Amino acid sequence: MEIKIQRSMRKTLALQVRNSQIIVKAPMFVTKKIILDFIDKHKSWIERKITNQQKSVIDIEKIDEYKKLAKKILPMRVEQLANRFWYNYKSIKINSAKTRWGSCTSQKNLNFTFRLVLTPPEIIDYVICHELAHLKEMNHSKAFRNEVEKMDKNYKKHDRWLKDNWDLYVF
Ligand SMILES: [Zn+2]
């Protein structure tokens, strides 16, 4: 596999995988041996990344369709869950974010990426519940996690799933 090393004034090593290419961001004076050991140590992570990127579920031609679907389905589901669990929110917006599934502002506005609509139903619900819980707790404290758990008993499993699979939903 092709390895690209980008040196800069940074202090730590970081890995990225894009188009089956490994990109290592490295401090100026780190030796090649340290970089190769670092790659070796993260071998299974790299392999999983490559497989996920190759299986991406996003078909670029269909982005408009996904967005339309997301605008129809997500607000409906948010309303259902907010009613069921007694939450009040102001508005909901669908965006194209790649690095976050959803967010919640202090003005009680909820945002979700259209990509969410392509994940399994229990994951959609989990992300919605996570953002609803932020309406009460604007952090990831114990109180916040309790709030999420009231709505989704399997929230830890779903959170894990998102961390393992998010790269299937970017392109
Ligand atoms: Zn959060």
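From the N terminus on, the elements of the protein run β-β-β-α-α-α-β-β-β-α-α-α. That comes to 6 helices and 6 strands; helices (H or I, at least four residues) and strands (E, at least two) are DSSP runs, numbered from the N terminus. This is a predicted model, in which local features need pLDDT of at least 70 and side-chain atom pairs count only at pLDDT 80 or more, while totals for chains, interfaces and linings use all residues. Residues are numbered from 1 along each chain as its sequence is written, and side-chain values use heavy atoms, with hydrogens and water left out.

Taken along the principal axes, the C-alpha atoms of the protein fill a box of roughly 55 × 40 × 25 Å. Of the 171 residues in the protein, 37% are buried. Here buried means under 20% relative accessible area, exposed means over 50%, and partly exposed lies in between (1.4 Å probe, protein chains only).

Histidine 134 is buried, because its relative accessible area is 9%. Histidine 140 has 52% relative accessibility and so counts as exposed.

### Salt bridges

A search of the whole structure finds 9 salt bridges. A salt bridge is a side-chain nitrogen of Lys or Arg within 4 Å of a carboxyl oxygen of Asp or Glu.

| Lysine 43 | Aspartate 40 | 3.6 Å |

Aspartate 40 counts as partly exposed because its relative accessibility is 46%, and lysine 43 counts as partly exposed at 45%.

Arginine 77 counts as partly exposed at 21% relative accessibility, and aspartate 125 counts as partly exposed at 21%.

A network of salt bridges links Arg48, Arg160 and Asp164.

Arginine 115 is found in the loop between strand E6 (109–113) and helix H4 (121–136). Arginine 115 is buried yet has no salt bridge, and the nearest side chain of opposite charge, aspartate 64, is 11 Å away. For charge, Lys and Arg count as positive and Asp and Glu as negative, while His and the chain ends are not counted. A polar atom of the arginine 115 side chain lies 3.0 Å from the backbone oxygen of tyrosine 169. A polar contact is a pair of N or O atoms within 3.5 Å; within protein, one must be able to donate a hydrogen and the other to accept it, and residues adjacent in sequence count only if both atoms are side-chain atoms.

Asparagine 165 is placed in helix H6 (residues 155–165). Its relative accessibility is 14%, so asparagine 165 counts as buried. The side chain of asparagine 165 reaches the backbone oxygen of tryptophan 161 at 2.8 Å.

### Positive phi angles

Most residues other than glycine have a negative phi. Tryptophan 86 is not a glycine, although its phi is positive, at about 65°. Tryptophan 86 is found in the loop between helix H3 (63–85) and strand E4 (91–95), and it counts as exposed because its relative accessibility is 75%. Lysine 108, a residue other than glycine, has a positive phi near 65°. Lysine 108 lies in the loop between strand E5 (102–104) and E6, and it is partly exposed, with a relative accessible area of 36%.
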